[in-house]
There are 2 protein chains.
Amino acid sequence: MESEASTGVAEAEEHDPESNSLEQPLLKRSPTLSSNPLALVGAKVSHIESLDYEINENDLFKHDWRSRSKVQVLQYVFLKWTLAFLVGLLTGGIASLINLAIENIAGLKLMVVTELVDKGKYLTGFAYFAGVNLVLTAVGAVLCVVFAPTAAGPGIPEIKAYLNGVDTPNMFGASTLIVKIIGSIGAVSAGLDLGKEGPLVHIGTCIASLLGNGGTEEYRIKWKWLRYFNNDRDRRDLITCGSASGVCAAFRAPVGGVLFALEEVATWWRSALLWRTFFSTAVVVVVLRAFMEFCNSGRCGLFGKGGLILFDVSDVTVSYHAMDLLPVVVIGIIGGVLGGLYNYVLHKVLRLYNLINERGRIHKLLLALSVSLFTSVCLYSLPFVASCYPCDPSLPDDTCPTTGRTGNFKQFNCPPGYYNDLASLLHSTSDDAVRNIFSTSTPTEFHPLSLLIFFVLYCVLGLITFGIAVPSGLFLPIILMGSAYGRLLGLAMSHYTNIDQGLYAVLGAASLMAGSMRMTVSLCVIFLELTNNLLLLPITMIVLLISKTVGDIFNPSIYEIILHLKGLPFLEAHAEPWMRNLSVRELAAAKPSVVTLRGVEKVARVVEVLQNTTHNGFPVVDEGVVPPVGLPMGATELHGLVLRSHMIAVLRKKWFLQEKRRTEEWEVREWFTSVDLAERGKKIEQVEVTEEEMEMYVDLHPFTNTTPHTVVESMSVAKAVVLFRQVGLRHLLIVPKYQAAGMSPVTGILTRQDLRAHNILAAFPHLAKSKRREKGKMNQ
Amino acid sequence: MESEASTGVAEAEEHDPESNSLEQPLLKRSPTLSSNPLALVGAKVSHIESLDYEINENDLFKHDWRSRSKVQVLQYVFLKWTLAFLVGLLTGGIASLINLAIENIAGLKLMVVTELVDKGKYLTGFAYFAGVNLVLTAVGAVLCVVFAPTAAGPGIPEIKAYLNGVDTPNMFGASTLIVKIIGSIGAVSAGLDLGKEGPLVHIGTCIASLLGNGGTEEYRIKWKWLRYFNNDRDRRDLITCGSASGVCAAFRAPVGGVLFALEEVATWWRSALLWRTFFSTAVVVVVLRAFMEFCNSGRCGLFGKGGLILFDVSDVTVSYHAMDLLPVVVIGIIGGVLGGLYNYVLHKVLRLYNLINERGRIHKLLLALSVSLFTSVCLYSLPFVASCYPCDPSLPDDTCPTTGRTGNFKQFNCPPGYYNDLASLLHSTSDDAVRNIFSTSTPTEFHPLSLLIFFVLYCVLGLITFGIAVPSGLFLPIILMGSAYGRLLGLAMSHYTNIDQGLYAVLGAASLMAGSMRMTVSLCVIFLELTNNLLLLPITMIVLLISKTVGDIFNPSIYEIILHLKGLPFLEAHAEPWMRNLSVRELAAAKPSVVTLRGVEKVARVVEVLQNTTHNGFPVVDEGVVPPVGLPMGATELHGLVLRSHMIAVLRKKWFLQEKRRTEEWEVREWFTSVDLAERGKKIEQVEVTEEEMEMYVDLHPFTNTTPHTVVESMSVAKAVVLFRQVGLRHLLIVPKYQAAGMSPVTGILTRQDLRAHNILAAFPHLAKSKRREKGKMNQ
């Protein structure tokens, strides 16, 4: 009962550019309770479905469960861990290859440009720089636009939605994976202001999904073992492992990866899963380390040096006193305000970009290329604005100035003995830029004007780059922006504090992350693993707490904003306070009345119901049954819930009965296995039933889940939402609180869409009035 | 409906010392489904109750909820954060004071002993050493035995049970807190093989509970604001903060503390709580740091030097290759085997100790003192067995040998220029012992024989010390044991590997922790924060994963064993596989039939029901009501669930009606506020009702929770368990799947005790047969 899909894609794509409030998603929805199941997946409007995490306890499942041998159980456990291992192995391997490609492509590009600038050929240098960047951007954008629109963006909101129970088509397919890998290499090498971190998370989940399915939709390993994984529960667990592995591969932060998956991405969590996720990330780290060891000897071209810690600042001992708390608090507050502002403006930019992207592929492509050209112009030309500064003579000769690809004191257009601080930041890969701006014990390296230019530039680039049609992550742009203002603040405070300026940059980055993404523990651990400075931990914690608190005053986290914008029906963990004033009976009354089926039903009726509704589950009610001893005849019985996909499977196999009778358990087992029922995605339109068959009967009992979750009609919506989300349901039946002859044992059915605050408010506008007043009222 | 308490304490304390299997708790239980609500809390048999996390949506609550003003909501939010702040502040402060006291008492003791040994007065030294230890142990033991038996042991299993929904009386009271603080100082200073870590967690939760309650049971702040906290939900959250603060204070590991609370202690978790817990631990770290800064200048006696990192091993760079994986795997396997063995033997020892402790206070005391004496003899005399070794001349003069309280190369009974390696480990506080055995770049310091003696000694001490009647933690004994065999292995491997021996000790400690406690992520972070060596992280992860896996083959984690031993009705997160073969109807049939009340009930009937049952919740069913339009008259209606405590409140206030009628909403509000109903712990025996009043009526409608959680009778127990645990219920009503005239709308009720695997197996022995076969079968 996924709600009516009467509104088509055309209507869904219609939108009102004027109404820019945060309340309004990009897709316009009808004001009925159950709105249409469409959402933006990646950059494409798609039909979405709910996932089924509940164990469908029907006769077939029960038999399969009972007959499962010890060997099969061991096979299952072994496979579960093998898949977690493979997810880690492949994610680690692919992440290493991506890094290798980016370092080599971007490195080569920068070396040639540096050489040209060194020779004074400024214009040739620019042409080369902008040209290469345009080509690289075009590679990413064309792939994204033509082959896999779902590969655009970071993918994290869609993963979050998937783990919340929203199935998003083509999100985790092979084409998405390949486009994401190549597109990410192209976009990052092109010097665009975006990171490979978000895409790596998506890559990890794609790998997990493909492994769990045993291949792509077309080419699938029909391996017997894999059939145990043919359910949404196990796929969900594997994808959680994949997302943690992705974060781990991106930041080389195994514990941070697990916590990121736990705090930000996953909806359901068990300690057994914690452990398996941890295993996957451990494998990723081992792979990354092995790869680095292999490359350290120079066998990987320009990729090589560097250990497991990405932005090491462990060489400074952090000594701080009560007085230093003040700048820390200031950084936290600024981070929160800027983060809130960033979320707000990015939201507007994304709405604007959506208008452009909707006009067609060419527009998408042109937008991406314009951004690339603008980026190239800024990155190339701005260092010429900055002055040349003499090198600090106390530095070793070969560190200042440098002319190579990396290095903290780039000579660029300066005379020997001088360096250009802005070139150190702009004429390098983003990883190197972060490393340079985090550099410790170099208090005089960067000058306020350069840092200010850098900050403003990355604010602009960060906002205009994220929405273009290439794989793009949010982490690195935010780190760059935050570190710039952090270091700027450190410079301003240099007389009052004895915290190193490099650490200020780290704190600035952390504060903006918390201000925009609103995570705490996972960010804290990720920063710890990124920078390897444990003594910084207490102040990092304070900064994160303050930034998140301040940011929460203004708007929700950036991922929540994107989720809402895309119209993904994400179910929050807590109920809204006003939901206590509404009962599920009132909620169900606002939608069409429930369609029930009889246990032994005419084929014609089944076909009719499947054709005329879009519901995915139907209560099965038997009438006139013999109740337990002592009660009058003619009772009605709630037998359970039957799924659309199972009924289609029955129609396709034509398991029909001549007479109206209840079948024996062995009869159905001769025709069906639980594997047959696990098949999904078939449509009623693909089923052909003859006139003659229409008059026959079908016994739905063996396929009916006899243990559906139910609530009594007096239940408040607040409690129903918590139940729905905590147990991970797809359908929730409403049973009457009365017992009387002739009453139906089921009075309604609720799905994810019915329980979303946004949809309920559309159907019950009077609740919206009390909403604002009660906002924040003990939302447990 | 907390089950019948017909079996008294006498029967409960009876036990069978022969049946030593892990399946058997210390308290014998009756073989009915709902067994008696008794458990060992601390070292005392107590009556336990379930907690009520569900929001009781009755008329009074709904009115209170609607009328709550914005100011009150702000008050609530402000108070929530203030309390989290205070929990951190006080836990940090008390932890600092405990450390200060221990360092000074134990330090002074050791200094005198060292002096006496230096002068050759070996016997006087021993008399002094053993005497002081006995006195210190006696202080802890007498306090524990006389004033607060609940303060004995670590307290973590009881906290785990509390957060799972089991109320344990006197566990978080003021007397427990005070005894825990003083007792812990005494026991740790006495050199017993136990840690202050577990007790600190308990101290944190006591502080949280007292703050949430606004004081002790006798002296309570009657502050209006605090009334919002007069519910189990908010208390649970606060206690979670307390436990995280405790771990943080113990290991100076803020992130580790949060994760420990998340992975090991807490049952329910929300991201909002994650954030608040993180705030509490941040406050703890700031307090600890401030205190250290204050003490660094020598104002705290013997407490002083040392930074925020407890066992720093960051000075060695970890360089390892594929070959080094072998010893790492070996450590992991040994850790798992030893951990499993440790759990097994400790379980037996605890059963034996229970026999002794039950004989009375004197026996408890004598047991504690004997253990103290044995510990003193071993600690004092064993170093004389070890040989003296010459100091490595490359070491600075003042580090070898040392004669003071601390130091890595103790001279003890050796001539100048020589040191006694076993004395370095045994004649120091446990913290210093860990620091010494973790010491890096000292490959020749410890000798195999000394390490072997140390390992065996701490195996014995660790097993015999834990169960005595003093506050005792498990962490430090396990770290000491594990580090000994780790270092021993490092010594044996020294020719094949280039990992430092200190790091081997760290890995050994981690492996034994994982092998016994079976945690992964939280241990990993705690070890990272303890040792400050990020590069060690990948191998720590591998060790932890292997040890946990190996340990899980043998038995459950030590905390689970203790929980079971104490008979605390802990509800596991996952259902057992055989629970799928049982429906809630069959389960409910194995217990006495449900007692229902009418909406307007005679006082006599209410009194009778309360006196003759021990149930805590009763379904309220109205008969002959007018059903919705179109249905015959005479339906029955499930109005909801009324709590025992609320009915007692009504009886105490004597809110009786002359005639049988339903009251209006305003009537009850004139008599009761939601604060009146929040009161708990009153007994029906304390209520006096006259003969005349017995004939009157009481309207239960306004007190009835109209939104109880329900399941249909065909629901499998497996799904019911998951629902019960995930949503955090106390009562789960069973509704019929039939609709017929004259049928009751509720057919049964399930509580925590009914859903415990152990109890179900006792009532359905045939399921136990299939249990072993199916063990491990997809226990999601």
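A: Two bridges join strand 13 (residues 738–739) of chain A to strand 9 (residues 635–643) of chain B, and the two run antiparallel. Strands are DSSP runs of E with at least two residues, helices are runs of H or I with at least four, and both are numbered from the N terminus; two strands pair if DSSP finds at least two bridges between them. The model is predicted: local features need pLDDT of at least 70, side-chain atom pairs count only at pLDDT 80 or more, and totals for chains, interfaces and linings use all residues. Residues are numbered from 1 along each chain as its sequence is written, with chains lettered from A in the order in which they are written.

Q: Which residue of strand 9 of chain B is the bridge partner of A:Y738?
A: That partner is B:E637. In strand 13 of chain B, B:Y738 is the bridge partner of A:E637.

Q: What is the strand order in the open sheet of three strands?
A: The order is 8(A)-9(A)-13(B), with antiparallel pairing. Strand 8 (617–625) of chain A and strand 13 (738–739) of chain B each have a single partner strand, so one side of each lacks a neighbour in the sheet.

Q: Which helix packs on the sheet?
A: Helix 23 (residues 644–653) of chain A touches strand 8 and strand 9 of chain A. Contact means C-beta atoms, placed from the backbone, within 7 Å. The helix direction makes about 85° with that of strand 9 of chain A; axes are lines fitted to C-alpha atoms, for helices over the stretch in contact, and angles run from 0 to 180 degrees between N-to-C directions.

Q: How many residues does each chain bring to the contact?
A: Chain A brings 74 residues and chain B brings 74 residues. On the side of chain B, helix 10 (residues 271–296) gives the most, with nine residues.

Conventions
Two residues are in contact if their C-beta atoms, placed from the backbone, lie within 7 Å.
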